[in-house]
Amino acid sequence: MTDATVETDDVLETLASLPEVRAPVASPDGGRVAFYYDETGRNELYVLDLETGARARLSDGEVPRAVRYPIRWHPDGDRLFFHRDEGGDEQNDVFSIDLEGAVDRVVGRDGQCVLADVGPDGRYLYYASDARDQLNLYRHDLESGEFEQLTAYDQPVRGVTVGPVGDRIAYATNESDDLDNQDVYVADADGSNARNLEVGDHGAEASPAAWHPDGDRLLVSDNTEDLTRCGVYDLASDEVTWYGGDAEESPVEFLPDGSGFLALRTRRAAVVPIRYDLEDDSAIELDLPEGVSSYPGSMGGGNPFLEDETVLVTQQTSSERKRLLAYDLASDESEVLVDAEYGGLAPDSFVDSEYVTYESRDGVEIGALLYEPAEPSPTGIVHVHGGPHGQSRRRFSPYVQFLVQRGYTVLQPNYRGSVGRGREFKNRVRGDWGGGEQADVANAGRWLADREGIEDVAVMGGSYGGYSAFWQLVSYPEVWSAGVARVGITDLLALYEESMPHFKTILEQQLGDPEENADFYRERSPLTHVENIEAPICIVHGVNDPRCPISQARLFRDALEAKGWTEGEEFAYHELGAEGHGSSDIEQKIRTFEIVDEFLGEHLPTAPRRG
């Protein structure tokens, strides 16, 4: 799999160290592109001048080590806004950095602040914050330094976008008792005169994506008909024109001349960028390899367009690393702006994924991505995505590619609850964590074990995938030979108590009221069933994680010790300092890779041996 210039034992560090473009966004005039890039060993903020091709690094350690939130240009093009937290705790403040690298704190408040948009005249910065309990919308005056709260909903406010002349805003929230519901609202720029547009049926999820250049229409999404669809809402007539409907599609942005819009289509774990024409309902797929391609920098005031017909696109496949492209919509030709780097690894030697299906316990068909090494060992790994409303997609994963290079066969199941297959499939996990979706994961393990040459199967995942790893080992011990849980969940009641307000809302949506359903919360917590675990487990967790706090790992560690297990023998336990819910920092990635590789090699009888 590797070039002769890279020794097998060096592949781990090489893969973890390869730089990647993150959060790219075009300047207001389309002449420059800002993005995070980690060629120095950690994330820094860069600006690429498209005329000269020069790439300049603006930051020197002032930006976040883990990229989780977008970058935004000021409308004047003289500075950028970004988020920064402390050691991955996600209690973000908003900062600005000018083109000379001078950094200033713009919004600093208790709790989490997430930049939503910047007004077109550059005076107001809109952000969501949970400083006053729930995640609501605020406006910061960049001239006076004052801020004001614009909304006061009991449920989170999301998807904020400001109109083209700055007089109106659109956002999504829910005022009903049905926690599955989400509606689109339009209000004056100061939050007054808010109006529910009643897009789609009650109980479905609708959201705004972008304003039409003339300010009289709104690009929206809705999943009333099961598959998420794109629509253009006419604010004068209160009518919606719907587009597509045969595949899961998400709207992104109107074309600069308003004649159409960009969207993303999901099929068989691939994401395809498309362009719709408003007049004839025609959708044209961009001419790119099958994988995961996206229009970056579009939501919340970000600009994906370099010119009227030229748009930024990121493109990658399961076996090809991410590239940043300038794509000409008229000619279907593209230019590479930032190419993928491979170090000493051979670019054509990575393993592509195969889309496969298998049946779960109740006959539900589950899609999955299968990676088979050229020289397989007798060990398979089921790698479970987070969410639960996430999806394993046909994108390049250094983590998966390293496992495959080592000889492991890897299967990534998109269990019920995953996105990409419509509202009904996504919502099957609600009220049933630890139920049907975990049966899907267990059957993934059985399916992999039935393949010729596979003798042992391990389960691993992060976040909700970490919950899955814990749950699998305590509920299906006969399936697994080992497990790895990164930033996972073990005690649902404790998780609720320590969660940020908008994450409490998610847990209530998924599992019900924790007081009324306390027995269910306990029953579906892996900690409750720790006595059933038989296979060795590796627990890896960041100490500053606000989503799945470190207490989740410590509770399970203590329960294992109370059971009589010894750390370093039956289980491995690792806390990562200065890290939250995962990291894009290269040193942390290398350490995590090493921890997992060492654990699998020690605890799986058929794991490939180094040397």
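Which residues in α5 are buried? Buried means under 20% relative accessible area, exposed means over 50%, and partly exposed lies in between (1.4 Å probe, protein chains only). By that rule, Tyr 464, Gly 465, Gly 466, Tyr 467, Ser 468, Ala 469, Phe 470, Trp 471, Gln 472, Leu 473 and Val 474 are buried in α5. This is a predicted model, in which local features need pLDDT of at least 70 and side-chain atom pairs count only at pLDDT 80 or more, while totals for chains, interfaces and linings use all residues. Residues are numbered from 1 along each chain as its sequence is written, and side-chain values use heavy atoms, with hydrogens and water left out.

The names of the elements need a word of explanation. Helices (H or I, at least four residues) and strands (E, at least two) are DSSP runs, numbered from the N terminus. Helix α5 has 12 residues, and 11 of its 12 residues are buried, so that the helix is mostly covered. From its first C-alpha to its last, α5 reaches 16 Å, close to the 16 Å expected at 1.5 Å a residue. The expected span of a helix is 1.5 Å times one less than its number of residues.

Helix α4 (residues 436–449) can be described in the same terms. It has 14 residues and reaches 20 Å from its first C-alpha to its last, close to the 20 Å expected at 1.5 Å a residue. Because 11 of the 14 residues of α4 are buried, the helix is largely enclosed by the rest of the structure. The buried residues of α4 include Gly 436, Asp 440, Asn 443 and Leu 448. What do the buried residues of α4 pack against? Their partners are β30 (354–359), β31 (365–371), β32 (379–384), β33 (409–414), β34 (456–462) and α5 (464–475). Contact here means heavy atoms within 4.5 Å.

Ala 449 also has its place in helix α4. With a relative accessible area of 34%, Ala 449 is partly exposed. Leaving aside its neighbours within four places in sequence, Ala 449 is in contact with Ile 454 and Val 457. Ala 449 and Val 479 are 30 residues apart in sequence and 8.5 Å apart in space, C-alpha to C-alpha.

The next topic is how helices pack. Two packed helices are described by the angle between their axes and the distance between the axes. Axes are lines fitted to C-alpha atoms, for helices over the stretch in contact, and angles run from 0 to 180 degrees between N-to-C directions. The axes of α4 and α5 come within 10 Å and cross at roughly 75°. That makes α4 roughly perpendicular to α5. Angles under 35 degrees count as roughly parallel, over 145 as roughly antiparallel, 65 to 115 as roughly perpendicular and the rest as oblique. On the α4 side, the contact is made by Glu 437, Gln 438, Val 441 and Ala 442, and on the α5 side by Tyr 464, Tyr 467, Ser 468, Trp 471 and Gln 472. By class, this contact of α4 with α5 has five nonpolar, three polar and one charged residues. Ala, Val, Leu, Ile, Met, Phe, Trp, Tyr, Cys and Pro count as nonpolar, Asp, Glu, Lys and Arg as charged, and the others, Gly among them, as polar.

A second pair is helix α2 (residues 398–405) and helix α10 (residues 586–603), whose axes come within 12 Å and cross at roughly 30°. Helices α2 and α10 are therefore roughly parallel to each other. Pro 398, Tyr 399, Phe 402 and Leu 403 in α2 meet Phe 593, Val 596, Asp 597 and Leu 600 in α10. By class, the contact of α2 with α10 has seven nonpolar, no polar and one charged residues.

Some loops hold details of the backbone. Pro 388 lies in the loop between β32 and α2, and the peptide bond from Gly 387 to Pro 388 is cis, with omega near 10°. Glu 198, in the loop between β16 (195–196) and β17 (206–211), has a positive phi of about 55° although it is not a glycine. At 61% relative accessibility, Glu 198 counts as exposed. Asp 332 lies in the loop between β28 (323–328) and β29 (333–338), and its phi is near 60°, a positive value in a residue other than glycine.
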